Amino acid sequence: MSKHMITVAVTGSVPTRDQHPGLPHTPAEIADATYDCYRAGAAIVHIHVRDPETGVPTYRLELFRECVERIRDKCDILINLTTSGNNIPRKNVVEERLEPVELGTELCSLDIGSLNLGYRPAVFQNPSDWSLAAAQRMRERGVKPEIEVFDMGHAWQARAMIEQGLFDDPPYVQICMGVRWGIEGTPENLLLMRKQLPADIPWSVLGVGRAQLPLITMAVILGGHVRVGFEDNLYLRKGVLLESNAQMVEAAANIIQQQQREVATTTDARQILGIN
């Protein structure tokens with residue numbers, strides 16, 4: 001039976017407590033939510049951090065460090081720290097975005113390609129020099145890049161970087177769908193995005209909002225892995241808020257099991273991703 005990893009992104013940088021009162025803010029809340037998701041079947045957690053007092057997204061390294069330490073005390077889930085740092089003032093963009101890599105977690109996200117964001121007046125800037133510098137630093141530190149692609153051109157660029165040998169085997173790609181104005185989260189587009197990537201690599205998909213359930217279901221059918229969590233979606237169904245991040249992890253695990261597949265453990269995930 002094939003095994004499918006579940007990643008959970010417990011807070012992100014966009015949702016607010018006005019949208020969901022249970023959104024984790026503090027490192028302790030993030031760690032508690034992560035542990036609940038681990039128990040529900042998540043093998044990987046994707047971490048953004050918030051100012052503990054205001055809930056505003058931040059990039060303070062001490063908060064990343066505290067999250068890592070608290071999670072490590074609770075369980076052996078694989079930790080994936082963001083390096084996006086979007087819209088956070090910095091002096092040296094590349095160096096400050098790469099600070100989380102120095103914490104030595106199993107994974108860090110590596111965003112490929114820039115994007116006009118439709119939900120706020122901003123550009124998600126990921127120029128080519130950033131992608132190359134991030135790939136090199138992660139390789140030097142022994143951190144697995146989770147290569148994030150938001151559109152067709154991003155997937156094409158990721159494939160070119162893979163073919164250039166910039167990532168240790170196996171490269172791992174997260175297909176991000178439904179982020180305005182990235183690629184729309186439809187089954188047809190998932191097939192197109194998947195075709196842009198090498199056939200023999202592990203890949204995962206996330207769908208924003210109502211695209212989440214259809215896309216993660218299709219990903220499992222196609223042999224891929226899945227991401228869920230409050231960063232991408234706050235609703236169980238139309239008009240019904242999720243009780244917790246773990247509730248959506250349980251739903252993803254159920255989808256996997258209904259298709260006669262297995263939910264990957266953290267040990268399985270290490271093997272799939274080539275992480276020691």
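Select Gln247 first. This residue sits in helix H8. Keep in mind that the model is predicted. Is Gln247 buried or exposed? Its relative accessibility is 18%, and buried means under 20%, so Gln247 counts as buried. Now show what surrounds it. Leaving aside neighbours within four places in sequence, Gln247 is in contact with Leu236 and Leu242.

Gln260 lies in the loop between H8 and strand E16 (262-263). Check its backbone: phi is near 60 degrees, a positive value in a residue other than glycine. Gln260 is exposed, with a relative accessible area of 58%.

**The barrel**

Next, select the strands. How many strands close into a barrel? There are 8, in the order E2-E3-E6-E7-E10-E11-E12-E13, and the pairing is parallel. From one strand to the next, the twist averages 25 degrees.

What holds such strands side by side? Strands of a sheet pair through backbone hydrogen bonds, either parallel or antiparallel.

Start with strand E2 (residues 6-9) and strand E13 (residues 225-228). They run parallel and are joined by 3 bridges. Pick Val8: its bridge partner in E13 is Val228.

E2 and E3 pair in the parallel sense over 3 bridges. Select Val8 again, and Val45 in E3 stands opposite. How does the chain get from E2 to E3? The path crosses through helix H1 (residues 27-40), and this β-α-β crossover is right-handed.

E3 and E6 pair in the parallel sense over 4 bridges. Val45 has Ile79 as its bridge partner in E6.

Now show the side chains of E3. Ile44 and His46 point one way, while Val45 and Ile47 point the other way. All four are buried.

**The cores**

Select the nonpolar residues. The largest nonpolar core has 69 residues. Which residues have the most contacts inside it? They are Ile6, Ile47, Val149 and Ile175. Helix H8 (residues 245-258), where the tour began, gives the most to this core, with 7 residues.

Zoom in on Ile6. Leave aside its neighbours within four places in sequence. Its contacts then include Ala42, Ile44, Val226, Val228, Val249 and Ile256.

**Aromatic pairs**

Colour the aromatic rings. A pair of aromatic rings is described by the distance of the centres and the angle of the planes. The count comes to 3 aromatic pairs.

Select Tyr35 and Tyr38. Their rings are stacked: 6.4 Å centre to centre, with 25 degrees between the planes. Where do they sit? Both are in helix H1, 3 residues apart, so about one helical turn separates them. Tyr35 is partly exposed, with a relative accessible area of 28%. Tyr38 is partly exposed too, at 29%.

Move to Phe124 and Phe150. Their ring centres are 5.7 Å apart and their planes are at 90 degrees, so this pair is edge-to-face. The pair links distant parts of the chain, 26 residues apart. Phe124 is in strand E9 (residues 122-124). Phe150 is in the loop between E10 and helix H5 (152-163).

**Two cis peptide bonds**

Finish with the backbone. Select Asp169 and Pro170. The peptide bond from Asp169 to Pro170 is cis, with omega near -10 degrees. Pro170 lies in the loop between H5 and E11.

Last stop: Arg180 and Trp181. A cis peptide bond joins them, and omega is about 0 degrees. Trp181 lies in the loop between E11 and helix H6 (187-195).

Technical notes
Residues numbered from 1 in each chain as written. Predicted model: local features only at pLDDT ≥ 70, side-chain atom pairs only at ≥ 80, totals over all residues. Heavy atoms only, no water. Pairing = 2+ DSSP bridges. Helix = DSSP H or I, 4+ residues; strand = E, 2+ residues; numbered from the N terminus. Axes fitted to C-alpha atoms, helices over the stretch in contact; angles between N-to-C directions. Core = buried A, V, L, I, M, F, W, Y, C linked by side-chain atoms within 4.5 Å. Buried < 20%, exposed > 50% of the residue type's maximum accessible area, 1.4 Å probe, protein only. Contact = heavy atoms within 4.5 Å. Right-handed = clockwise from strand over helix to strand, strands pointing away. Phe/Tyr/Trp six-rings, centres within 6.5 Å; stacked < 30°, edge-to-face > 60°.
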